[in-house]
Amino acid sequence: MATGAAVTAGTTTGGRVPARMSGDERREQILAAARRVFAEGGYAATTDEVARAAHVSQPYVVRLFGSKRDLFLEVYRQAADTVVSTLTAAAAVPGATKESMGQAYLALIEDRDLLRLLMHGFIASADDEVGRVARHCLGESYRLYVERTGASDDEARQFVAFGMLLNVLIAVDAEAHRGEDAGMDGLVECVALTARRQAQA
């Protein structure tokens with residue numbers, strides 16, 4: 001029954017029916033699409049946009065996830081959990097250092113959608129639950145760095161601040177606009193040098 005519903009929901013406007021998927025597979029497909037759509041458009045994106053990106057009907061998305069807020073919250077939790085679990089894993093390695101924690105975060109910036117989604121969540125933090133997830137992500141990043149590396153409070157603050165700067169530069173697509181603004185070029189180069197030092201440490 002659930003599989004049949006998923007196939008019906010997956011029918012596109014052109015009449016094509018994608019390969020048969022289980023309910024769980026269809027759910028993961030929608031979450032992946034929502035992640036891309038919300039990373040691009042933030043909370044202003046709609047469940048209809050998510051449905052089109054996932055090649056399912058909009059009522060099917062609502063039936064599975066409820067409101068747009070519920071869907072956004074679920075993918076935002078996944079993004080925040082990815083950051084926390086990555087830093088937790090790096091911190092759990094015997095002899096974890098400031099450099100290894102930094103490298104773990106640098107590895108995350110390969111996923112531009114992840115970091116853009118995090119930024120949109122910070123903006124949407126007027127929502128109590130979104131704000132709670134955002135605060136936990138930032139707080140755990142700080143706590144793990146202090147507790148596992150022996151860093152001072154100020155060093156941990158700089159670690160979190162540098163991560164947020166990276167997020168912002170990725171959100172504004174700074175690297176793709178080199179030559180547009182001399183100040184931004186200088187900032188990007190400064191950040192790139194710092195990141196390279198951490199990667200080589």
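Predicted model: local features only at pLDDT ≥ 70, side-chain atom pairs only at ≥ 80, totals over all residues.
Colleague: At roughly what angle do the axes of H3 and H4 cross?

Modeller: H3 covers residues 47-54 and H4 covers residues 58-65.

Colleague: How many charged residues are in the contact of H3 with H4?

Modeller: From H3, the contact involves Thr47, Asp48 and Ala51, which meet Gln58, Val61 and Val62 of H4. These residues divide into three nonpolar and two polar, and the number of charged residues is one.

Colleague: How far apart are the end C-alpha atoms of helix H8?

Modeller: H8 runs over residues 128-149, a stretch of 22 residues. At 1.5 Å a residue it should span 32 Å. The distance between its end C-alpha atoms agrees with that, at 31 Å.

Colleague: Which helices do the buried residues of H8 pack against?

Modeller: Among the buried residues of H8 are Val130, Val133, Ala134, Leu144 and Tyr145, and also Glu140 and Ser141. The helices that these buried residues pack against are H5 (68-92), H6 (98-108), H7 (112-123) and H9 (153-171).

Colleague: Is Cys137 buried or exposed?

Modeller: Cys137 is listed with the buried residues of H8. The cut-off for that class is under 20% relative accessible area. Because its relative accessibility is 4%, Cys137 counts as buried.

Colleague: Which residues is Arg69 in contact with, leaving aside its neighbours within four places in sequence?

Modeller: Arg69 lies in helix H5 and is partly exposed, with a relative accessible area of 28%. Its C-alpha atom is 9.5 Å from that of Thr47, 22 residues apart along the chain. With those neighbours left aside, the residues in contact with Arg69 are Tyr43, Asp127 and Glu129.

Colleague: What percentage of the residues of the protein chain count as buried?

Modeller: The chain has 10 helices and zero strands. Among its contacts with a separation of 6 or more, 60% are between residues 24 or more positions apart. Of its 201 residues, the share that counts as buried is 38%.

Terms used. Residues numbered from 1 in each chain as written. Heavy atoms only, no water. Buried < 20%, exposed > 50% of the residue type's maximum accessible area, 1.4 Å probe, protein only. Axes fitted to C-alpha atoms, helices over the stretch in contact; angles between N-to-C directions. Helix = DSSP H or I, 4+ residues; strand = E, 2+ residues; numbered from the N terminus. Contact = heavy atoms within 4.5 Å. Nonpolar A, V, L, I, M, F, W, Y, C, P; charged D, E, K, R; others polar. Expected span 1.5 Å × (residues − 1).
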